[in-house]
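Open your viewer and get your selection tool ready. We will walk through this model one stop at a time.

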Amino acid sequence: MKKVAVVILNWNGQALLKQFLPSVCRFTPAEKADIIVADNGSTDSSVSFLQQNFPEVKLLLFPENYGFAEGYNRAVAQLEHEYIVLLNSDIEVSCGWLDPLLEYCESHADVAACQPKLLSYRNKDMFEYAGASGGFIDRYGFPFCRGRVFGTVEKDRHQYDDIIDIFWATGACLFVRREAYLAAGGLDARFFAHMEEIDLCWRIHLMNRRIVVIPQSVVYHFGGATLDAADARKTYLNFRNNLLMLYKNLPVKEGRLLLFVRRLMDTASMVRFLFKGQWPHIKAVWLAHGDFRKEKKRYTDQPSVNLLKTFPEARRNISVDYFLKGKKYF
């Protein structure tokens, strides 16, 4: 059996498969990896398109759309490869993209997951929003990256080409040991989409495993193919899931205090949306907090360790740095 399964989750994404799958097939070494499309109950002609045009690609067919998180969980459960790559359908890979990831994990048994450098497909000398060159979170749970802080994205000048430990690896191209993925419980299906990879990485860290970025591997992300940044549904998922992630992964006492502060900060976000006249986003944040209060009751096994105290970058307050001090870069 090959060591790696490159798994692409698809739902009615024939156009994306037509555009991006050729690079995956071309630059993924067939002797090392299987390319697998897990179809989330598509109603377009994705499956027949794959069968006719990409016979080398293996198919996993699901009867319905389980969302990003549960779709990948079901796919990984059916596979037996040592390593899994969760690869978005809107990723263009480059020549030699897989080898640095595989080689590093093969030589570092304590590393459970890693990511490549993520650049923009639209502007290939710019980092891409959803991962850039490695992800972190600040003291209040706001995610940021080497190469992207809030909406400010840097140009790739090779300033972040060193291999370092990170807090989270992008779900757009997540290379992970299958045993670690399963031991951590996989992606949280209740999240449906957004923040689920950060939550998974947090649980992997709680298992005392490392996560790194390998910038010698480069892929290009189209971005926004599922939900545009201006979509209020995305705002809702990001706010709700971020709160759930903090609640479930922090000790109860510390989490209670942090979430109180977060509610104040999220209220400030609602005021910012108000000044911009973005009423659907105000409603999205309001609903996110209401649903968080309902959903949090499902999580009853919080850890005793606050991992945010062990990561230097997690001591930062990105909101203050960015909005008040004008520090726009990592």
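A crossing of two helices is called left-handed if the near helix is turned anticlockwise from the far one by less than a right angle, and right-handed if clockwise. Keep that rule at hand for two of the stops below.

This is a predicted model, in which local features need pLDDT of at least 70, side-chain atom pairs count only at pLDDT 80 or more, and totals for chains, interfaces and linings use all residues. Residues are numbered from 1 along each chain as its sequence is written, and side-chain values use heavy atoms, with hydrogens and water left out.

**The whole protein**

Start with everything shown as a cartoon. You will find 10 helices and 13 strands; these are DSSP runs numbered from the N terminus, with helices being H or I of at least four residues and strands E of at least two. The C-alpha trace spans about 55 × 40 × 40 Å along its principal axes. Buried residues (under 20% relative accessible area, with a 1.4 Å probe and protein chains only) make up 59% of the 330 residues.

**Stop 1: α8 and α9**

Select residues 252–275 for α8 and 279–295 for α9. Their axes, lines fitted to C-alpha atoms over the stretch in contact, come within 8 Å and cross at roughly 160 degrees. Angles run from 0 to 180 degrees between N-to-C directions, and those over 145 count as roughly antiparallel, those under 35 as roughly parallel. The pair is therefore roughly antiparallel, and its crossing is left-handed.

Now show side chains. In α8, Leu259, Arg263, Asp266, Met270, Phe273 and Leu274 meet residues of α9, including Trp279, Ile282 and Trp286. Contact here means heavy atoms within 4.5 Å.

**Stop 2: α1 and α2**

Next, select residues 14–27 (α1) and 46–53 (α2). How far apart are the axes of these two helices? They lie 9 Å apart, at an angle of about 30 degrees, so α1 and α2 are roughly parallel to each other. This crossing is right-handed. Gln14, Leu17, Lys18 and Leu21 of α1 meet Ser46, Phe49 and Leu50 of α2.

**Stop 3: α4**

Finish with residues 98–107, helix α4. Which of its residues are buried? Leu98, Pro100, Leu101, Leu102, Tyr104 and Cys105 are. Colour the strands they pack against: β1 (4–10), β2 (33–40), β4 (83–87), β6 (111–120), β12 (173–177) and β13 (210–221).

Notes. Parallel < 35°, antiparallel > 145°, perpendicular 65-115°, else oblique. Buried < 20%, exposed > 50% of the residue type's maximum accessible area, 1.4 Å probe, protein only.
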